Amino acid sequence: REFCQDITQCGELTARVDLSAQIYSRGGHLLCHDDVIGTRKISFIYYLTDPSEEWADREGGALELYPADGDAPRGTPATTPSKEILPLSDALVLFVVEPGVSFHAVREVRRERARISIQGWLHAPTLEATSGFEHRGVATLQQILQTRGNGTATSSAAVGDAGAGAGPIDALPSSSYATGELTTEDREFLSQWLAPEYLNDTHMQTVASQFADSSYAVLAQFLRPDVFSALLEMLGAADTADGFSQDSAEAPLPCYGAGACDGWEVIGPPHLRRYLRYEGEASAEDGQAAPGAAHSRLGRQLAQLSGQLFGSLAFRRWLRACTRLEPRSAGKAEVRRFRPGLDYTVAAQADHIAPGFADLDVTLILVPVGTEDQWGSEEIGGFESYLAADDDKNETVEAQEVYRGTEDEGPLVNVPAAPNTLSLVMRDAQTLRFVKYVSRDAPSSRVDISACYPVDAPEGSSGEEAEEEGDCEGGE
């Protein structure tokens with residue numbers, strides 16, 4: 001204890017010591033966080049890796065230290081670490097635990113040799129004696145709990161019928177809403193992209209029945225084969241350009257800027273999320289990029305699909321026919337790419353949902369054909385998970401890492417990445433949502449168009465209950 005005090009000049013420490021032994025096998029990793037819980041004051045890691053051969057960069061497992069993002073509010077880490085420390089045998093790492101400052105992570109282990117350590121914390125005598133006590137509101141745990149009121153839609157680019165903002169919540173024409181039927185013009189419009197079976201009335205009724213039973217449906221082979229094949233070719237070109245391939249067993253970890261070009265930007269901060277989002281503008285006339293510009297072509301085509309299909313009135317009518325829920329606006333959508341060995345989102349709920357409403361999440365997933373078993377195993381991540389929010393607001397930072405358990409503790413639904421798949425999930429304000437970290441062992445990037453539409457909350461949902469509670473509270 002005195003040794004740590006002398007080195008860090010941290011001030012008074014108590015006799016309390018928390019200890020744990022940790023083994024990171026291949027694929028093991030730890031997402032970005034700052035360790036601020038209770039009276040923790042000093043974090044330490046003592047490495048017990050095999051001393052017979054010095055740990056190498058290619059093995060992964062480095063401790064990453066993240067600096068503050070100077071252009072963002074206090075407590076926001078940069079998207080890229082400033083320092084990586086390899087787990088060398090018989091080495092000790094110490095750092096002061098401070099809210100919104102001591103951001104760190106463990107990079108994915110890439111070889112069969114295990115990363116072994118003893119890790120723990122030394123404690124201050126009181127909360128007030130912890131470092132940066134006055135800034136505890138920006139601690140990782142607090143930010144995650146607060147951000148669960150934002151979900152992933154906070155950074156979404158809105159799309160509308162003509163590429164404008166999502167606009168206010170509004171009802172569709174009553175004559176169309178009464179039957180839920182698509183017009184001939186709607187079917188012709190949607191046939192530019194959708195596989196023919198998804199415009200068949202019987203098939204849509206089957207989807208609607210499944211959705212009514214489970215509040216979700218997963219539609220395989222959703223796009224027309226020619227549309228999907230063109231997008232898949234573009235995804236393959238982008239993955240090849242970035243060093244991702246299906247032969248990924250011995251592939252090194254990627255650099256953090258992989259793929260962040262030609263309109264694709266890294267979205268953070270990393271204690272809440274990290275993935276690429278396409279920010280470029282797309283239009284019918286500007287849908288084709290220069291030959292060889294793999295990232296630009298992929299982004300432009302996906303943005304065009306997002307704007308023209310997902311933002312259209314015809315697609316909203318189709319959603320209503322397949323879910324028996326009425327989208328109340330043009331929604332919000334974003335084009336995302338989750339890179340192997342880099343990207344994820346942290347569990348978040350949608351407290352932005354107004355009383356009496358829910359969100360209809362509509363996600364078009366694109367991964368290569370032939371990779372279904374790998375993605376479906378969930379061992380390489382990349383699946384989207386929905387969890388019931390814990391009423392206990394002291395929920396731990398590790399919630400997004402614990403997705404298997406008893407029937408009562410497990411997810412409401414996991415949607416694995418699969419080729420040419422559309423998922424429809426109704427989510428109320430008490431439902432958490434996240435995309436699991438994509439392992440470097442994944443055979444490709446996960447690319448998707450992620451959209452959400454406000455809908456009327458079904459009877460008995462938490463959205464409806466919230467509206468009833470609000471009515472009671474406002475009665476006096």
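Buried means under 20% relative accessible area, exposed means over 50%, and partly exposed lies in between (1.4 Å probe, protein chains only). This is a predicted model, in which local features need pLDDT of at least 70, side-chain atom pairs count only at pLDDT 80 or more, and totals for chains, interfaces and linings use all residues. Residues are numbered from 1 along each chain as its sequence is written, and side-chain values use heavy atoms, leaving out hydrogens and water.

**View 1. Helix H8 is mostly covered.** Helices (H or I, at least four residues) and strands (E, at least two) are DSSP runs, numbered from the N terminus. Just after H8, look for Arg 324, which takes a positive phi of about 60°.

**View 2. Four strands form an open sheet.** Two strands pair if DSSP finds at least two bridges between them. The order is S1-S8-S3-S6, and the pairing is antiparallel. Strands S1 (17-24) and S6 (92-96) stand at the edges with a single partner strand each, so one side of each has no neighbour in the sheet.

**View 3. Strand S3 meets S6.** S3 (residues 40-47) pairs with S6 in the antiparallel sense over 5 bridges. Find Tyr 46, and you can trace its bridge partner in S6, Leu 92.

**View 4. Two cysteines, buried or exposed?** Cys 255 is exposed, with a relative accessible area of 53%. Cys 322 is buried, at 0%. Counting a disulfide as a pair of cysteine sulfur atoms within 2.5 Å, the total is 0 disulfides.
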